[in-house]
Amino acid sequence: MRHTLAREFGNLIERGWDRQLRLAVTGLSRAGKTAFLTSLVYQLRHAGLEARLDLLPAAREGRLMGAQRIAQKDLGVPRFPYDQAMASLDGTPPQWPEPTRGISELRLHIRYRPQRGGVLGALGSSNATLTLDLFDYPGEWLLDLPLLEHDYISWSQRQQVTLTSERRAMAKEWLSAMETLDPAAEADEAELATIAEHYAQSLRTAREAGFADLQPGRFLLPGDLEGAPVLQFFPLLDLTRDDRRRLEALPQQSVYRTLARRFAYYQQHVVKPFYREHFRRFDRQIVLVDVLGALNAGPERFEDLSRALATLMQSFDYGQRSLFTRLFSPRIDRLAIAATKADHVTPDQHANLVALLEALLAEPIKDLRFADVPVKALSLASIRATKAHEVEQQGKRIQALRGMTMEGEETLIFPGEVPAHLPQPDFWARQGFAFHGFRPLSRDARGEGLPHIRMDAALDWLIGDKLS
């Protein structure tokens, strides 16, 4: 007990001096969280050496001395697998790191020389340390946070909205089973387990096809809950406002009351502890978005991504920090929203990529700015896998990309243009997309370090003010 109190008091002192920062790296599945965290740790550890961080003033001015991994405070949470990720990138052939399968975190000590005009510089400190805690969570689990805004009936009604024509085609077995299910009948445990598995399989199929707005997230990554009754529920379809009173009057043993009870248990014992133990402690956040993947997948998936992101961002607690809130009730006081895989399009399309990201999240960004929360949209490539080239075609210089396909073939491509605005229906009809996936550059091809696009700009926004 005494050790725990001393540890928490130490954390309070660090936070009071503004020398400890908790950064959440969030985003939906396949947005590139693992690559981002790997690159972030690498760039900070190799600052002043092979890392190129020209857009981070502390590095550009020679004041950033590097970073060191240290033991994290919470020994019950797995450490982010940085060494394994680097081993994958340095392999023959190089491979992308395995995606997140559970919660992980990492603590860094960042050493820097304060500016002479800064607070620490004025106190005569020659060197200073910023403690940076990094938190990573599966994108699938993030999708559960919006469930806290619903009861079982309103959640079921929302799931009805997500069942587009493509999603219905992927859920044939589940929809077929639902046709004969009577909400008023006595619940059959085996039947509910079978139907829940059909529903979970429809979510897994939709995820593989590029959809993002998939709930509950634990159905996709159940972890130690696999096979438990808490994961054996599913939405009821075609519910109207008038159905609530009739359904609530059903006996406890009915299908409806059993499903509603399991949904409420899932909220109370799975989602709420996850939110309370982790998401309420962040100071800053970056949300990674695979905009190009959604463009590749077509209009239904693009709209699906927009809906998923909008509901997800409503679940976080944003607001500027005072000394009191920094010590006792931290809230996210600075946010970055990043379109990932910017190396999959030519440099002249990066501005369009940012504009499309801002259009995709227009309403959440408006709400954040109204609340006076600093927010920045940017495009980046955590680990660049292509090199930009110019080729001459019919007397014109055209930008292209050279890289290695996932199958190991060197290719030179013209990936096409990114729309600067939300695509309209006629746009999808006249133009498709084929943004290719690329293998990471080999150690020989990339030279020293991990090449990136605007990782330094992201670092400057997220922690640059703490290195002054």
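Start by colouring the protein chain by pLDDT, the predictor's confidence in each residue, from 0 to 100. Confidence is lowest in helix α1 (residues 2-16), with a mean of 49. Helix α20 (residues 455-463) scores highest, at 97. Helices here are DSSP runs of H or I, at least four residues long, and strands are runs of E, at least two long; both are numbered from the N terminus.

This is a predicted model, in which local features need pLDDT of at least 70, side-chain atom pairs count only at pLDDT 80 or more, and totals for chains, interfaces and linings use all residues. Residues are numbered from 1 along each chain as its sequence is written, and side-chain values use heavy atoms, with hydrogens and water left out.

**The whole chain**

Show everything as a cartoon. The protein chain has 20 helices and 10 strands. Its average pLDDT is 86, and 90% of the residues score at least 70. Of its 468 residues, 53% are buried. Buried means under 20% relative accessible area, exposed over 50%, and partly exposed in between (1.4 Å probe, protein chains only).

Now think about contacts, meaning heavy atoms within 4.5 Å. Take those with a separation of 6 or more: 76% of them join residues 24 or more positions apart.

Select residues 1-5. Their pLDDT stays under 50, and the model gives them 0 contacts beyond four places in sequence. Next, select residues 12-16. Here too the pLDDT is below 50, but this stretch has 14 contacts beyond near neighbours in sequence.

**Helix α2 and its two partners**

Select α2 (residues 33-45) together with α20. How do they pack? Their axes are 11 Å apart, at an angle of about 85°. That makes α2 roughly perpendicular to α20, a label for angles of 65 to 115 degrees; under 35 is roughly parallel, over 145 roughly antiparallel and the rest oblique. Axes are lines fitted to C-alpha atoms, for helices over the stretch in contact, and angles run from 0 to 180 degrees between N-to-C directions.

Show side chains. F36, S39, L40, Q43 and L44 of α2 meet M455, L459 and I463 of α20. This contact has 6 nonpolar residues, 2 polar and no charged. Ala, Val, Leu, Ile, Met, Phe, Trp, Tyr, Cys and Pro count as nonpolar; Asp, Glu, Lys and Arg as charged; the others, Gly among them, as polar.

Stay on α20. How many of its residues are buried? The count is 8 of 9, with D456 and W461 among them.

T38, V41, Y42 and R45 of α2 touch Y82, A85, M86 and L89 of α4.

**Helix α7**

Move to α7 (residues 152-162). Its buried residues are Y152, I153, W155, S156, R158, Q159 and T162. Their cover includes α8 (165-170), α10, α11, α12 (255-277) and α14 (299-313). Zoom in on the start of α7: a side-chain oxygen of D151 comes within 3.3 Å of the backbone nitrogen of I153.

**Last stop: Q215**

Select Q215, in the loop between α10 (189-208) and α11 (243-248). Is Q215 buried or exposed? At 2% relative accessibility, Q215 is buried. Its side chain makes a polar contact of 3.0 Å with the side chain of W155. A polar contact is a pair of N or O atoms within 3.5 Å; within protein, one must be able to donate a hydrogen and the other to accept it, and residues adjacent in sequence count only if both atoms are side-chain atoms. Beyond four places in sequence, Q215 also contacts residues including L143, P146, R158 and Y199.
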